[in-house]
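Thank you all for coming.

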Protein chains: 2
Amino acid sequence: MKVLVTGGNGFLGRRLVAALLERGAVTGADGAEHEIERIVVSDVGPGIAPPLEDPRIDLRLGDFSERSAAAALLDADTGAVFHLAAVVSGEAEQNFDLGMRINFHGSVRLLDAIRARGTCPRLVFTSSVAAYGGDMPEVIEDSTILTPQTSYGSQKAAVEMLINDYSRKGFVDGRALRLPTVVVRPGKANAAASSFASAIIREPLEGRAYACPVAEEAGVWLLSPRRVVESFLHAASLPAEAFGMSRALSLPGMTVTVGEMVAALREVAGDRVAGRLTFERDPFIEKIVYGWATRFRPERALAMGFAPDADFRSVVEAFIEDDLGRRFAA
Amino acid sequence: MKVLVTGGNGFLGRRLVAALLERGAVTGADGAEHEIERIVVSDVGPGIAPPLEDPRIDLRLGDFSERSAAAALLDADTGAVFHLAAVVSGEAEQNFDLGMRINFHGSVRLLDAIRARGTCPRLVFTSSVAAYGGDMPEVIEDSTILTPQTSYGSQKAAVEMLINDYSRKGFVDGRALRLPTVVVRPGKANAAASSFASAIIREPLEGRAYACPVAEEAGVWLLSPRRVVESFLHAASLPAEAFGMSRALSLPGMTVTVGEMVAALREVAGDRVAGRLTFERDPFIEKIVYGWATRFRPERALAMGFAPDADFRSVVEAFIEDDLGRRFAA
């Protein structure tokens, strides 16, 4: 069986592809496990990490959102699609046309290409907690309305609606997962408002000073990259009936304050590492961050077997193990 | 100033156009009332009723959803757009491609054409209670998630998301209204599951027998055509700030059972008219109808000055006045 991973050279896509290669099998359109003969890895560029070496990888560099591009990524035996390709929130906000083209129209074209194939593969789609926003209750329930306040969140929420309907009609067997903020992200600190949530762990561990732009009280709803990839595979493995009346789901995460994150860093890596952090509050960033949903009660997902991280200490340890080669700059 | 009404020859579009002509003015992009110089009435066909005669009407027959069609309907002085054109729920369910083309892609193209004009007109969009569905609470709150279970509802919900975002970005000044079931609709009984809700009033008043396919206990969340048109005009008149963090809104309606509707009919038109009704329960229709949301608490809309009908008797009386020329078949 073939598997398609869009955005497969990205931070999460690469981990997913590695996990798929290691498992060697994935659930197909018929609900049974199938050996993976080939993983079509679609991305616009090679990504920052060195390419994964495996004869089962079929790398296709190009823009999946272009007309007919999605069709060329699918085969009669493509049994599972992981649609991760997206323009991130900051970029979708600054470049509206790009966000619409990739996150929205590209996703619709992918759905139509899947429909045209007629094989109804499983589709795991990365939606986001950014689909929530506006006047929110203190705790987000599974029944809480989506009123996104960013273009990124709006595009994700609109695609969720279509995935539900294309699934109801039997054109695809979709599963849309609203990811919490993924922490710890490797790479460099960037202009995204959520950048601090990974940077306060990553930068000190890599020996760099970092000025956190939000107060210790700021909370984040987060999930580790390991758990995200496990959630992708779990979502693909569940029978359609498990989703009931909606194919979209808020993944479980945990609410952690910056103060708690720093305490865990200190516990794992010591005072010297934690001492590389300072606080320089940025009212612009704080305003965005305090507008985010930080408390959820994702009962459906928990009942379906999705799981958050055990605690934040284990998130830090997993980062050191997976991304720093088990060593950090003490 | 110019006004665009898509679906302007339809049942609601025609009433809206008549109301606009009578008022002679509407709120424009600047928030001020402007005299209506021209109403561009867009529709695929002439509609069932004789055309409205007014020199201010500029009738454009054709499919608004075709590429570049929407742009041709807009001018530099189009200050208000009422986007009513849609394929109805039964048709969108049976003909998925048609529903996607008109209700979804057509609406996106209209939004993009408005954006390209750069004048940020007010836009009133007809969404629907069909945007709700699935596992619903007993009473739908403004904070209840949209999990539509029809293609029609999914298409409407997806467009709501984009209208919110295009409005937030300043490309359009949108207002999406989720209409209750509109009762009493003139015309013939049709295959739509909601057809009975109008037919049990209309058919007996026009001297025809009618077999109601659902039990007297069946409830409907409804709004009269008069109130719908008032709601369109009210929505266009409100300042953007009144909508807060979401441009989408469930309109107030009232929950009426079939039994209560029949009682009102009997009160207004007598036993002989009500006697033209029989009950022949249809399990297929009942299953659909009992899946609908019938109880809402539309607090935002009520606070913003939208109003339901006073009682169902007045809905029956308004139908006799507006659609039957004040006479019925006693």
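This is a predicted model: local features need pLDDT of at least 70, side-chain atom pairs count only at pLDDT 80 or more; totals for chains, interfaces and linings use all residues.

**A walk through the model**

Let me begin at one residue, B:R326, which is exposed, since 9 other C-beta atoms lie within 10 Å; the terms here are that a residue is buried if 20 or more other C-beta atoms lie within 10 Å of its own, exposed if 12 or fewer, and partly exposed in between, with C-beta atoms placed from the backbone. B:R326 lies in the segment after α12 (312–323) of chain B, and its phi is near 65 degrees, a positive value in a residue other than glycine.

As for names, residues are numbered from 1 along each chain as its sequence is written, and chains are lettered from A and ligands numbered from 1 in the order in which they are written. The mean pLDDT of chain A is 95, with 100% of its residues reaching 70 or more, where pLDDT is the predictor's confidence in each residue, from 0 to 100. The model scores ipTM 0.96 and pTM 0.96.

Now to some backbone details. Most residues other than glycine have a negative phi, and most peptide bonds are trans. Is B:C120 buried or exposed? With 20 C-beta neighbours inside 10 Å, B:C120 counts as buried. Turning to the peptide bonds, a cis bond with omega of about 10 degrees joins B:V183 and B:V184, and B:V184 is placed in the loop between β10 and α6 of chain B. In chain A, a cis peptide bond joins A:V183 and A:V184, with omega again about 10 degrees.

Next, helix α6 of chain B, residues 195–205, has 10 of its 11 residues buried, so it is largely enclosed by the rest of the structure; helices (H or I, at least four residues) and strands (E, at least two) are DSSP runs, numbered from the N terminus. Among the buried residues of α6(B) is B:I200, which touches B:Y210, B:C212, B:V258, B:M261, B:V262 and B:L277, not counting residues up to four places away in sequence; contact here is taken as C-beta atoms, placed from the backbone, within 7 Å. After α6(B) comes B:G207, with a positive phi near 85 degrees.

In chain A, strand β1 (residues 2–6) has five of its five residues buried, so that strand too is largely enclosed by the rest of the structure. A:K2, A:L4 and A:T6 cover one side and A:V3 and A:V5 the other, and all of them are buried. Which strands does β1(A) run parallel to? Five bridges join β1(A) to strand β6 (residues 78–83) of chain A, and five join β1(A) to strand β4 (residues 38–43) of chain A, where two strands pair if DSSP finds at least two bridges between them.

In chain B, three strands form an open sheet of mixed pairing in the order β10-β12-β14. Strands β10 (181–182) and β14 (254–257) of chain B stand at the edges, each with a single partner strand, so one side of each is left without a neighbour in the sheet. Four bridges join β12 (residues 219–223) of chain B to β14(B), and these two run antiparallel, with B:L222 partnered by B:M254.

Finally, how do the chains meet? In all, 23 residues of chain B are in contact with 23 residues of chain A. The largest share of that side of chain B, nine residues, comes from helix α5 (residues 151–168) of chain B. Chain B can be laid on chain A with an RMSD of 0.0 Å by a turn of 180 degrees and a shift of 0.0 Å along the axis, copies being superposed by least squares on the C-alpha atoms of residues with pLDDT of at least 70 in both. That is the relation of a two-fold axis.

Definitions and conventions: Two residues are in contact if their C-beta atoms, placed from the backbone, lie within 7 Å.
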